[in-house]
Amino acid sequence: MMAVTAGADFCYAIEVFKPMADAAVKIVEKNGFSDKIKIINKHSTEVTVGPDGDMPCRANILVTELFDTELIGEGALPSYEHAHRHLVQENCEAVPHRATVYAQLVESRRMWSWNKLFPIHVQTSLGEQVIVPPLELERCPGAPSVYDIQLNQVSPADFTVLSDVLPMFSVDFSKQVSSSAACHSRQFEPLVSGRAQVVLSWWDIEMDPEGKIKCTMAPFWAHSDPEGLQWRDHWMQCVYFLSQEEPVIQGSALCLVAHHDDYCVWYSLWRTSPEKNGGDLHQVRPVCDCQAHLLWNRPRFGELNDQDRTDQYVQALGTVLKPDSICLCVSDGSLLPMLAWHLGAKQVFTVECSAASHRLMKKIFKANHLEEKINIIEKRSELLTPADLGGKKVSLLLGEPFFTTSLLPWHNLYFWYVRTAVDQHLVPSAIVMPQAASLHAMVVEFRDLWRIRSPCGDCEGFDVHIMDDMVKRALDFRESREAEPHPLWEYPCRSLSEPQRILTFDFRQLVPQQPVRAEGAIELRRPGRSHGAVLWMDYHLTPDSTVSTGLLRPAGDKGDCCWNPHCKQAVYFFSTSLDPRVPLSSPQSVTYTVEFRPHTGDITMDFRLSDDLGSVH
């Protein structure tokens, strides 16, 4: 529609997703472009050209948006390659015209902790014990996938810049594009001495051949207009990890190499120019061979490397462990069994459901000379038999709790079901740690995240309400009444209320047979736009020790929030408040109904905004 408005004779719009293609037909018709635009419901590689084809002839302008945070991760290169060969004329113009990928080398203990397992210190009555990672983990090149985050939310104090911003490679979309593997090297001199660990990367696009109209993904410190920085969630910035950290010396020339195949980018660091030394630039994409990067995601690495968190578990364990404790640990890939052993447990069992996790933990135990002291049981906890425990009864049941299948905060309540299933293996006086959990909620105003649920309405002068209505119908079906996970450390918000405890789950008791329901109201303490409720879980290890997956400390005077960076919190959006066309009176409170359903493990919820006149939205 923009192209026709700008003067195009005719446009062929290719859309493979049928619901969107159907909406496009209606939107084109509603805006009066049916005689100028044809919607083709196919993948571009299936489009035919010719007298009986989808298009009678090749096009002379190619307009696309096939990009992701990594630029090429959605198949842009092979799609462009095919389009140039089969769908457009030889000297066509493309919009956007060109993309350039940039990189910056940094040292960052915080970001490096998302990729490697650090030595973990455990204070015991016999002195300090250190849990070390296996050599295989230290040497592993890591996961091949990019880690895309809102880099603007990483504090500059969390990394040291080692290089200038380096333009690594460009793609001219108006010429024939190749999806073949390629590499591009850039020589540079380190700005300071340090340890090269992480490559930060982003891209910009020039919309026109002269490069006058630009769109950049640069983070604030590399942006030409930091004050005018536009928030985006569809395109963020990339974090890549070098296969191994490398010492670098200020002023001593190095070479950073960007490699890519048809879908992925990765980086390597060279001491001298690899071309001059006959080095093989075309390296195979690194693949994890230690299992850890396949089982633990980046936040999980960060969680395991959080020494303060480990200390909290150590202190809590110190209050419940006895010299005759028989411990059973139920979590995925947890280091708790090692903590329990170092703190003096008589015997330790740990359950790992998957064969891959079993192999990984066996390597870690072996590296710490505990393979003969900690018994790993490879089966689901519900299937445990007395023989698995050597005929022993468990006196201490442990969990972080953490399970790799959990998406929402309350999914880790699976621990409660496991605790119920293994009750027959516990002594009557057995201690369960954590002893309880609680669900908390707080009403917030987001700085930007509300935009992902905001209708488009009129966009660039075109009426796209039909798409909004389609999305709303899909949300009304189910999702608008459900929370969705978001790592809120990346998405700033202000609290409009105090945190409120909604439900409590007592792990010392078995899972109840009947639903547990809570109703109440959350009073709003600060003015603002109520975008939604944030929910999280607190785990009460002991009466004096709590680990939170949500707020790390109380909100400040202005309501600024500090969230646990290792966990995703749940966001329940108040859909009416996100539509700029709907005026809202200032709500005074938010009423809620929350129900835990034991038979499914689900938590259902409903939030409603009430104004000072008692009206409900």
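**Buried charges, backbone exceptions and a domain contact**

Colleague: Glu400 counts as buried, with a relative accessibility of 4%. How many degrees is omega for the bond that joins Glu400 and Pro401?

Modeller: First a caution: this is a predicted model. Omega is about -15 degrees, and the peptide bond between Glu400 and Pro401 is cis. To place it, look in the loop between β20 (394-398) and α11 (414-421), where Pro401 is found.

Colleague: And which residue does the side chain of Glu400 meet in a salt bridge?

Modeller: The partner is Arg309, at 2.5 Å from N to O.

Colleague: What about His369, and where is it found?

Modeller: His369 is found in the loop between α10 (355-367) and β19 (374-377). His369 is not a glycine either, yet phi is positive, at about 60 degrees. Is this residue buried or exposed? His369 counts as exposed, because its relative accessibility is 63%.

Colleague: How many salt bridges does the structure hold?

Modeller: There are 27. One of them is formed by Arg98 and Asp172, whose closest N and O atoms are 4.0 Å apart. Arg98 is in strand β5 (residues 98-107) and Asp172 in strand β10 (residues 166-172); the pair links distant parts of the chain, 74 residues apart.

Colleague: Why is Arg98 called partly exposed?

Modeller: The term covers the range between the buried and exposed cut-offs, which are under 20% and over 50%. Arg98 has a relative accessible area of 24%, so it is partly exposed.

Colleague: Which residues are linked with Arg98 in a network of salt bridges?

Modeller: Arg98 is linked with Asp172, Glu206 and Lys214.

Colleague: Which residue forms a salt bridge with Arg517?

Modeller: Glu595 does, the closest N and O atoms lying 3.3 Å apart. This pair also links distant parts of the chain: Arg517 is in strand β28 (residues 516-523), Glu595 is in strand β32 (residues 587-597), and 78 residues separate them. Glu595 counts as buried, at 15% relative accessibility.

Colleague: Now the larger scale. What does the domain assignment give?

Modeller: The assignment gives domain 1 (1-97), domain 2 (99-278), domain 3 (306-433) and domain 4 (436-610). Take domain 2 and domain 3: their C-alpha centres lie 37 Å apart. In their contact, domain 2 takes part with 15 residues and domain 3 with 14 residues.

Colleague: How much area do domain 2 and domain 3 bury between them?

Modeller: About 1,100 Å², of which 70% is on carbon and sulfur atoms.

Colleague: How many salt bridges does the rule find across the interface of domain 2 and domain 3?

Modeller: The rule finds 1 salt bridge there. For polar contacts, 3 residue pairs are found across the interface of domain 2 and domain 3, with both residues at pLDDT 80 or more.

Colleague: Which elements supply at least two residues each of the side of domain 2 that touches domain 3?

Modeller: β6 (120-124), β7 (127-131) and α5 (135-139) do. β6 provides the largest share of that side, with 5 residues. By class, the side of domain 2 that touches domain 3 has 10 nonpolar, 4 polar and 1 charged residues.

Notes
Residues are numbered from 1 along each chain as its sequence is written. Side-chain values use heavy atoms; hydrogens and water are left out. Helices (H or I, at least four residues) and strands (E, at least two) are DSSP runs, numbered from the N terminus. Buried means under 20% relative accessible area, exposed over 50%, partly exposed in between (1.4 Å probe, protein chains only). Domain bounds come from an automatic or database domain assignment. Contact means heavy atoms within 4.5 Å. Buried area is the accessible area (1.4 Å probe) that two parts lose on being put together, summed over both. A polar contact is a pair of N or O atoms within 3.5 Å; within protein, one must be able to donate a hydrogen and the other to accept it, and residues adjacent in sequence count only if both atoms are side-chain atoms. Ala, Val, Leu, Ile, Met, Phe, Trp, Tyr, Cys and Pro count as nonpolar, Asp, Glu, Lys and Arg as charged, and the others, Gly among them, as polar.
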